[in-house]
Amino acid sequence: MDVVFNQLFAGLSMASILLIIALGLAIIYGTMGVINLAHGEFVMLGAYATWALQSFAGLGVLAALPLVFAAVAAVGWVIEKLMVQRLYHRPLDTILATWGIGIILQQAVRLSVGAESRFVKGPELLSGNTEIGALVMSNYRLFVIAFSIFVLVGSWMLMTRTEFGTKLRAVIQNRGISECYGIESKRIYSITFAYGAGLAGIAGALITPLFSTIPTMGTGLVVDAFLVVIVGGLGSLIGAASASVLIGEATALLSAVMNDTLGRIAVLAGIIILIRFRPRGLFPSDTRN
Amino acid sequence: MKRRQFLGRVGAVGAVGMASSLSAPALLSSTRAAFAQGDDIPVGVLFSLTGAVAVVEHTLHDATLLAIEEINAAGGVHGKQLRPIIEDPASDPATYADRARRLMIRDKCVSVFGSYTSASRQAVLPVTEQRNNLYWYPTLYEGRECSRNVMYGGAVPNQQQDDLIPWAIENFGPRFYMIGNNYVYPKEENNYCKSLLSKLGGEVVHEEYVPLGHSDFSSVINRIRAEEPDVIFATVVGDSDVAFARQYHAAELDPAKMPVISLTRSEVEVKAIGGEAAAGHFSSAPYFMGHNTPENERFVENYKARFGADQVTHFVSEAAYFQVYQFKAALEKLDPSEITPAAIRDAAVGLTLNAPQGEVLIDENLHTHLWPKIGQWQSDGQAKVLIQSEERVAPKPYAAYEGQTCTGQGLVKA
């Protein structure tokens, strides 16, 4: 029984990391229809920004979070202005363009910082474990779970409770009519893209104390993020959240029953079957036609 | 055409074929004589500077070039400079084979130094064997290979484990948990470890393999916590090892009770893991950066002076470095007019050399006699050498396979 509870927690921890990585992607993908293959590289930039802030300015991971968000959002904003904005009416080309951007970012980091793995120290405050009976939970992982819920709620509030969110949803429903009402859709798109990139940056900052910080770290992460978005349904925040929990828990429980390799295969097979019967994911949003 | 006539013609064609193949060695030897007859001696350097394994191979590239530069600064070999010809195989095995072919045919290199992974070595193998060239491979590997055209500078399973496993059982206990990445190296090492454990009365409580690049070890750590083994026997490589070590530390598992004993963790990984998380765990290798010999002090000092004070040397870059010196010593034994890859190989057998790890010897099976050590990682990111083997250990690449031996004539099956 202890094993089951510990695995459930491991699954939840995995889910929180998946969610925080996939959320930015879900927002960009769902609202703008842009398949952002550079998303993994935004995560990587976030990790490196954290590393730079820690080694040169002495800031801890937690203190660095807002700065990392701002920095990666700025990069996203510039990329949107320079490249993505010109390709909104050519969705297939954005795939190629963002993939190219990803490669450029990766190589730029490799050339400027170096290819070897970088060390980022985790926050002292959150070291150690919380134990309830035989259930052992790492404090840092608990924090990541809490933080991912915070970001999820924050994003939901932003989309539904603010003027910006109303405008964004209007643009998503009908860009032409929205512009007639005086909504500057270009600006809305830029901000949304920057926000999504910033979230990826935060994800990068949060995973550095657990994972290895290298220029190629984003490549594997973006695959997981796309799985979450596809299973959850395009553009649905609730979908992304439930899909991360589903994938995280399924991976953890299946790898306890079998092993990590077989567990992963079983999860991917499960997703293929799910997509066969629900091609638009668990919670498809009907806003885009 | 009658059958007899047909046979006769086939016979004639066959005879012509025989004649031309008889003349082939003469042609070959004339091209061979052309090796290194210019003003310098061309050597290939084939380490990835881009792609997935570039992180490690870059350090091997650096160590190889450092040795070449040192040799050239000291006057070269036979008064000739070594001319490194650098190719970047971009971490892709097919590209390794292609670039090796280019180095051996077009550039007429007398030897090529290259490869970190077994996959890339095996891709180069047919090329170097076909051209009868020489490929210097510095990495520890899983053994079970016996080519006459590869100089193996790293440890094989018996050199890493023969001292380690009895020591681990004695100090921590007989229950082993095996965790490795899912490819040939961890499986062969575990194979050999299991054969030792069954002799010594140890047991394997769990054996598992995660995909290369795997980064979330929470399930593995839960399993370790539940099984409570005495030793974690790890063959996890690269970034996976970094993630594993950091999460193991974050889970507050105590290295004094359940130490990770790794065959693959070197100074490079520890730098990324952070000294605090790595401290207390062990690695088995023939070389550690902190090893105390005059040769090693000189190596580390020159390496840092050339590539930066924050750089580290490790058990593969050390071999990449001393293999160039072995190559030089073999060349010096030869007459400058008879330099061919095969002659270099024959001259290299039996050579001894004072490497940073101690005096190494090239066996007739082309593997290297090494000095196994067990190091415990300290919080400053360096390993303290706890145990050093009292004598140089001979390489047995087929140690886990009874009845098979790698000898100077190639693989012999009993």
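How many strands form the open sheet in the order S11-S12-S13 of chain B, and is their pairing parallel or antiparallel? There are 3 strands, and the pairing is antiparallel. This is a predicted model: local features need pLDDT of at least 70, side-chain atom pairs count only at pLDDT 80 or more, and totals for chains, interfaces and linings use all residues. Residues are numbered from 1 along each chain as its sequence is written, chains are lettered from A and ligands numbered from 1 in the order in which they are written, and side-chain values use heavy atoms, with hydrogens and water left out.

- Helices (H or I, at least four residues) and strands (E, at least two) are DSSP runs, numbered from the N terminus.
- Two strands pair if DSSP finds at least two bridges between them.
- Strand S11 (352-355) and strand S13 (368-369) of chain B are the edges; each has a single partner strand, so one side of each lacks a neighbour in the sheet.
- S11(B) and strand S12 (residues 358-362) of chain B run antiparallel and are joined by 4 bridges.
- B:Ala355 has B:Gly358 in S12(B) as its bridge partner.
- Helix H13 (residues 315-333) of chain B lies across S11, S12 and S13 of chain B, at about 140° to S11(B).
- Contact here means heavy atoms within 4.5 Å.
- Axes are lines fitted to C-alpha atoms, for helices over the stretch in contact, and angles run from 0 to 180 degrees between N-to-C directions.

**The parallel sheet of chain B**

- Strand S1 (residues 40-46) of chain B runs parallel to S2(B), joined by 7 bridges.
- Across this pair, B:Ile41 stands opposite B:Leu82 in S2(B).

**Helix pairs in chain A**

- The axes of helix H2 (residues 39-57) and helix H9 (residues 217-232) of chain A come within 7 Å and cross at roughly 130°.
- H2(A) and H9(A) are therefore oblique to each other; angles under 35 degrees count as roughly parallel, over 145 as roughly antiparallel, 65 to 115 as roughly perpendicular and the rest as oblique.
- Residues of H2(A) including A:Val43 and A:Met44 meet residues of H9(A) including A:Leu221 and A:Val222.
- The axes of helix H6 (residues 163-173) and helix H8 (residues 185-207) of chain A come within 10 Å and cross at roughly 110°.
- That makes H6(A) roughly perpendicular to H8(A).
- A:Phe164, A:Lys167, A:Leu168 and A:Val171 in H6(A) meet residues of H8(A), among them A:Ile188 and A:Tyr189.

**The interface of chains A and B**

- In chain A, 31 residues are in contact with 31 residues of chain B.
- The two chains bury about 2500 Å² between them, 47% of it on carbon and sulfur atoms.
- Buried area is the accessible area (1.4 Å probe) that two parts lose on being put together, summed over both.
- A:Phe119, A:Phe211 and A:Asp260 lose the most area in chain A to chain B, together 21% of what that side buries.
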